Amino acid sequence: MTPLDGSRRDEAFRHLLSIDDLDRAGIERILDRAVSFAEVAGREIKKVPALRGRTVVNLFYEASTRTSSSFELAAKRLSADVVSIRATTSSATKGESLKDEIATLTAYDPAAIVIRSPHAGAAQLVARWTDAAVVNAGDGKHEHPTQALLDVYTLRRRLGALDEKRIWIVGDVLHSRVARSDILAFVRMGAEVTVSGPPTLIPRGIEALGCTVAPTLDRLEEADVVYVLRMQNERMNEAYVPSLREYTARYQVNAARLRPHQLLMHPGPVNRGVELSADAIDSPQALIAQQVEAGVVVRMAVLYELLAGSGTSGSAVAEAGAEAVALA
Amino acid sequence: MSVARLFHAPAAAAQLLIRGAHALDPRGELDAPHDVLVRDGAIAELGASGTLPAPDGADVVEGEGLHLFPAFFDPHVHLRTPGQEHKETLASGTAAAAAGGYCGIVAMPNTAPALDSAPLLRALCEQAAREARVPVGFMPAITRGLAGSELTEMAELRDAGALGFTDDGRPVVAAGMLRRALQYQRLCGGVLALHEEDPSLSGQGVMHEGAVSARLGMAGIPSISESTMVARDAAIAAYEQARVHFQHLSCVESVEALAAWKASGARVSGEVSPHHLTLTDEAVRSLDSRFKMNPPLRTEADRQALIAGLRDGTIECVATDHAPHARHEKEVPFEEAPMGVTGLETAFPVLYTDLVLPGVLPLALVVERMTAGAAVLDLPTPRIAVGEPANLALLDLAAEWEVGGRGYASKSANSCFEGRTLHGVVRLTVAAGLLAHREATVEALA
């Protein structure tokens, strides 16, 4: 497929390792594809045969419930054969290196390898060692591009375009791969991004990603969207913040801080009563459930674009959908 | 009684006539094509190009179009012996040095076990006297096991041949511990070379802290981790009137601290690596572990400050911090990879290509700084002058080569310059009067 804006970036869309692999048009193309998959998801038979006979390997070196199940479901709805390998069952515990593991998995001739790793750059390395398309499902604190895509998808469905929308990302930005991919994706889609959190948890130099930094939530009312990050308990032990109590007092997003016009997002899983209050989580402004729902269709779109997208047009999905109906 | 502090394998003293090479001794008048006669391993005669006859039995090397420098001296390399011989050995590391134009290198003590006792030092000196292609000196640890809590037997180590002392790879964290070592230096002599880093500031850092680490989500090592320790230890050295040398400086603030303490009369010196002079943390965006080293690559402003410091002499010398690692050890995600890059076989070509050719630094200055490490450790400086021992590097500055992923004299290939095309090929190295390296093309000419 010729890139919509003629850029070179997308001609090489062989892997999704970083949001930087996509320009705005590339993001929009994937999300438009996801919209058409959402229509399929509304049907009784939710499967399309797009990846029938092809193998998708999910290789997770880190605990994950929603990302791994979402990728698994996405691949299955595209009729791929799916092999899911968890860190506890993988050879990593036997001292086999990532490179050896990839060499072993390559014997299955996978069309795609979805990898989550506690280490930045793991997906890039895997892409060097395999002919399969590689999807980064989270690498260390570096990136989580499919999360960013599903977040943009969720916001687009609600707001239309993100242009000039003000998005605040609140919390532990230092340790968050979601924050990095989101900043990049939101900025690329035209939004104005502010990050806010304890100064100990805002990385020096983060402005270079195109966002501004606010040390307090005093101006939170400016935001159209409040995106709250997970606050992990171990950060207290590492002395990044003096206490959970103080963190909550200064940075918890709750009904008192949230304005009625604002949308609330969170990548999950939520620490109820820490970064978000229960009333905020359960408010109609919260898009948390929609984010989870978007995960499957957006990951279907990513796999489709990587494995079946080249040379096809949007109508392929309609055809695939029609075939699904015929199969039914 | 003088104690031997450099060790190399025996070989026949060189008998050599190098004809017509452009001889450059940055500390003297010599900067023109000359004939250089080496007899019995010493520089016997210097003559105008084409004037010296070849004595019987001397090798004649046609040097026209080539450059002849005093061979380089590296005060900071890792030879991984004992304990990690799969990365490097005394034989392979000194062969790499010879291939890089060096006539002397100094091995760091962070081996397994650490070099912290006289018996181990004696064993290494003996091994070097059997295996080393170029003279190698050893710097044992300041503290036992590099643990920072007890002094090594520095006086006995000095008697056994220690060039100086260092805990390289680690800082001496406790100021009081360093002070004791510096007091003890009055008894035994020997420069203390310091790896400066405050672990409470470095934390789990794997690269320079800045915009690139923020983008990559990797824990950063801030510049102040190094510079605060340089300032602290220079102050302690000044107070004790002791002699310290700061290893592998990487940032603006360290250069400023070094300059300020020098100006106030402290006996301090510094070194900088070719990679810190030519690369920045932008290279880490590739997430390639070949750009992982400690101290990390920093910003362009830091790089410029290091170049300026080398130019004005605040930083005395270039040191490679040659740190070999096996391929499989580096072929892992960046955060998991060990720190360090090789450097002996690329040092001069990198500096020549990236700093001399673009006119950033004069050739003579680079040659001076690549030989100055000897004097920093109280060793004689390699010179091209009659009567001096022959320590010579013959280079073809016009020749280009591509830095590859293999094919080194070193056992390891973790070069951060892989893929670069560099100018400058070492054709021949004479170290301590012995022919240490000879490239095949020179052989054909001879």
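## Chain A: two domains

How many Å separate the centres of domain 1 of chain A and domain 2 of chain A, taken over C-alpha atoms? The separation is 25 Å. Before going further, note that this is a predicted model, where local features need pLDDT of at least 70, side-chain atom pairs count only at pLDDT 80 or more, and totals for chains, interfaces and linings use all residues. Residues are numbered from 1 along each chain as its sequence is written, while chains are lettered from A and ligands numbered from 1 in the order in which they are written.

Domain 1 of chain A covers 9-144 + 295-315 and domain 2 covers 145-290, with bounds that come from an automatic or database domain assignment. Where the two meet, 24 residues of domain 1 of chain A are in contact with 20 residues of domain 2 of chain A (contact means C-beta atoms, placed from the backbone, within 7 Å). On the domain 1 side, helix 1 (24-41), strand 4 (133-139) and helix 10 (288-307) of chain A each put in at least two residues. That side splits into 10 nonpolar, seven polar and seven charged residues. Here Ala, Val, Leu, Ile, Met, Phe, Trp, Tyr, Cys and Pro count as nonpolar, Asp, Glu, Lys and Arg as charged, and the others, Gly among them, as polar.

## Chain A overall

Chain A has 11 helices and nine strands; these are DSSP runs numbered from the N terminus, helices being H or I with at least four residues and strands E with at least two. Of its 328 residues, 47% are buried (20 or more other C-beta atoms within 10 Å of a residue's own; 12 or fewer is exposed, in between is partly exposed, and C-beta atoms are placed from the backbone). Among contacts in chain A between residues at least 6 apart in sequence, 72% join residues at least 24 apart.

## Chain B: domains and sheet

Chain B also comes with a domain 1 (16-68 + 388-445) and a domain 2 (71-376). Their C-alpha centres lie 27 Å apart, and the contact takes 30 residues from domain 1 of chain B and 42 from domain 2 of chain B. Strand 17 of chain B gives the most to the domain 1 side, with seven residues. By class, that side has 18 nonpolar, nine polar and three charged residues.

There's an open, parallel sheet of five strands in chain B, in the order 9-10-13-14-15 (strands pair if DSSP finds at least two bridges between them). Strand 9 (164-166) and strand 15 (317-318) of chain B are its edges, each pairing on one side only. Strands 13 (243-246) and 14 (267-272) of chain B share four bridges, and Arg243(B) has Arg267(B) as its bridge partner.

## Helix 10 of chain B

Buried residues in helix 10 of chain B are Asp302(B), Arg303(B), Ala305(B), Leu306(B), Gly309(B) and Leu310(B). Seen down the helix axis, they fall within an arc of 160 degrees, so they line one face (the arc is that of the directions from the axis to the C-beta atoms). They pack against several elements of chain B, including strand 14 and helix 7 (223-240). The face turned away carries exposed Glu300(B), Ala301(B) and Asp312(B). Just after the helix, Gly313(B) takes a positive phi of about 90 degrees.

## Where the chains meet

The contact takes 17 residues from chain B and 21 from chain A. Helix 6 (residues 211-216) of chain B supplies the largest share of the chain B side, five residues.
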